[in-house]
Amino acid sequence: MAKIAVIGTGYVGLVSGAILSDFGHTITCVDIDQNKINELKNGVIPIYEPGLQSIVQKNYYYKRLSFSTNIKEAVQSNDVIFIAVGTPPAEDGSADLKYVLDVAKNIAEYMNGYKVIVNKSTVPVGTGQKVKSIIRDIIESRQEDFSFDIVSNPEFLREGSAVQDFTHPDRVVIGAESHRAFDVMKEVYRVLYINETPFVETNIETAEMIKYASNAFLAMKITFINEIANVCEKVGADVQKVAKAMGQDGRISPKFLHAGPGYGGSCFPKDTVALTKIAKDNGERVSLIEATIEANERQKLRMVDKIVSAFGDLKDKTIAILGVTFKPNTDDMRDAPSLVILPELVKRGARLNVFDPEGIKEGAWRFKHLGDHIKWCSNTYEAIQNTDATVILTEWNEFRNLDFDKLRAVGGSQYFFDFRNIYNKQTMLEKGFKYIGVGV
Ligand code: NAD
């Protein structure tokens with residue numbers, strides 16, 4: 001079994017570390033955030049991710065999983081070092097490599113023998129080589145001669161189903177330059193390897209590109225159906241049926257064909273922009289992705305327009321907002337459509353009653369600037385109470401089965417904006433609602 005350090009204990013690092021420890025390896029999860037590490041040592045999981053808590057607690061109890069802020073010790077006492085820190089967008093839209101390169105320097109400063117350095121963060125093509133040269137330079141300046149391998153192992157998990165995705169990946173991508181590194185990675189992922197998970201073995205640059213190409217394609221697929229939905233609204237077609245029939249074509253597949261308020265989250269928005277930057281820096285264009293980014297911004301504002309055009313004016317209107325996270329089963333709000341839509345509604349004079357099953361803590365600081373225009377509610381019907389409209393922004397399961405008698409009894413409105421298309425338009429019209437979905 002391998003001894004592994006995972007540097008960066010966020011959504012990706014914590015899930016990877018916990019599950020690799022469940023696979024039997026000894027894992028040290030490292031972070032610079034002392035609070036986070038303290039919480040984890042006390043059994044508190046800093047993120048909401050279904051199924052993760054029990055895996056963390058079990059493996060921590062059996063001492064296969066530990067948490068630390070001591071990167072020196074983690075580097076020196078482990079053979080495989082994963083880098084899983086954030087790569088947020090820099091001002092020009094490119095991925096900010098500051099955190100990745102800081103960790104690379106730390107690894108080089110503390111290295112004491114052969115290490116396999118695995119980059120799991122999403123990084124522009126060429127970063128693996130950059131990390132290699134930084135580490136080589138520092139080792140040389142230390143007058144040491146340790147050998148090491150760089151591996152690119154991009155992560156494809158989805159928040160909200162991260163445990164399932166990590167344990168049942170469609171493929172594991174390994175970019176490396178030596179047989180030794182490939183063998184070590186097969187050992188790391190032995191449980192998946194013997195289960196016949198497809199492994200893609202390639203060079204570092206290809207592995208780095210696979211991640212960006214995959215995310216950009218998925219973002220484009222979502223945007224495609226959103227734009228088709230917008231046309232459907234004008235011509236009397238039903239995008240739900242269009243998407244279903246399209247998805248039945250094996251070449252297309254039904255996934256990521258759900259019309260909605262635009263994609264968000266910690267990956268698609270930043271990775272699409274970063275890909276256009278990578279292309280530009282290399283004298284190329286990915287015009288489909290440039291168009292995707294623009295259309296996605298328009299889609300969020302289109303949701304605002306739908307509400308505004310129903311009322312004409314939002315002054316003195318109180319609107320119930322159900323869901324602020326970028327998708328259900330996560331507390332993550334990075335680049336969520338709500339971050340654009342809610343302030344726009346407030347700008348037009350609306351007051352908002354907001355409920356989200358897991359997003360309230362995160363939302364409270366992200367929407368602090370909206371002051372008392374926003375009221376956080378502790379459940380769905382408190383949010384709906386005495387409002388002029390109900391807006392579904394995130395398709396949490398508990399919003400899929402609303403009690404419409406109760407909605408009316410608490411003073412909910414006939415205006416029902418279903419921006420995730422989780423209700424049937426005809427049924428809602430028959431119930432007496434003014435139903436507005438996306439492309440239906
Ligand atoms: P995150 O922000 O949740 O976590 C990053 C962690 O790294 C934080 O806890 C931070 O404190 C820590 N950190 C920063 N600098 C450090 C240092 N020098 N030493 C130790 N720890 C340090 O980020 P995330 O969502 O887990 O994403 C990590 C990477 O994985 C990104 O490149 C992202 O694009 C990619 N990715 C994310 C997802 C996802 O769904 N979140 C999926 C696939 C890939």
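This is a predicted model: local features need pLDDT of at least 70, side-chain atom pairs count only at pLDDT 80 or more; totals for chains, interfaces and linings use all residues.

In which loop does Q143 lie? Q143 is placed in the loop between helix 6 and strand 6.

Most residues other than glycine have a negative phi. Q143 is not a glycine, yet its phi is positive, at about 55°. Its relative accessibility is 74%, so Q143 counts as exposed. E144 lies in the loop as well, which runs between helix 6 (127-141) and strand 6 (148-152). With a relative accessibility of 36%, E144 falls between the limits of 20% and 50% and therefore counts as partly exposed. E144 also belongs to a negative surface patch, together with D137, E140 and D145.

A positive phi is found at D316 too, where the value is near 65° and the residue is again other than glycine. D316 sits in the loop between helix 13 (287-311) and strand 9 (318-322). Its relative accessible area is 62%, so D316 is exposed.

I turn now to the charged pairs. Side chains of opposite charge can pair when their charged atoms come close. How many salt bridges does the structure hold? The count is 21.

One of these salt bridges joins the side chains of E227 and R298, at 3.3 Å from N to O. This pair links distant parts of the chain, since E227 is in helix 10 (residues 204-235) and R298 is in helix 13, 71 residues apart. E227 is partly exposed at 38% relative accessibility, and R298 is partly exposed at 47%.

The aromatic residues come next. A pair of aromatic rings is described by the distance of the centres and the angle of the planes. The structure holds 19 aromatic pairs. Among them is the pair of F355 and F399, which is edge-to-face, with 6.2 Å centre to centre and 75° between the planes. This pair connects distant parts of the chain: F355 is in strand 10 (residues 351-355), and F399 is in the loop between strand 12 (389-392) and helix 17 (404-409), 44 residues apart. F355 is buried, with a relative accessible area of 6%. F399 is likewise buried, at 0% relative accessibility. Elsewhere, ring pairs link F404, F416, Y423, F433 and Y435 into a cluster.

Finally, a word on C377. This residue is found in the loop between strand 11 (374-376) and helix 16 (380-384). At 2% relative accessibility, C377 counts as buried. From C-alpha to C-alpha, C377 and T325 are 15 Å apart in space, and they are 52 residues apart in sequence.

Thank you for your attention.

Technical notes:
Residues are numbered from 1 along each chain as its sequence is written. Side-chain values use heavy atoms; hydrogens and water are left out. Patches are made of residues with over 30% relative accessible area and no salt bridge: like charges are joined within 9 Å, nonpolar side chains (Val, Leu, Ile, Met, Phe, Trp, Tyr) within 5 Å. Accessible areas come from the Shrake-Rupley method with a 1.4 Å probe; for residues, only the protein chains shown count as cover. A salt bridge is a side-chain nitrogen of Lys or Arg within 4 Å of a carboxyl oxygen of Asp or Glu. Lys and Arg count as positive and Asp and Glu as negative; His and the chain ends are not counted. The place of a charge is taken as NZ of Lys, CZ of Arg, CG of Asp or CD of Glu. Helices (H or I, at least four residues) and strands (E, at least two) are DSSP runs, numbered from the N terminus. Buried means under 20% relative accessible area, exposed over 50%, partly exposed in between (1.4 Å probe, protein chains only). Rings of Phe, Tyr and Trp (its six-membered ring) pair if their centres lie within 6.5 Å; planes under 30 degrees apart count as stacked, over 60 as edge-to-face and the rest as tilted.
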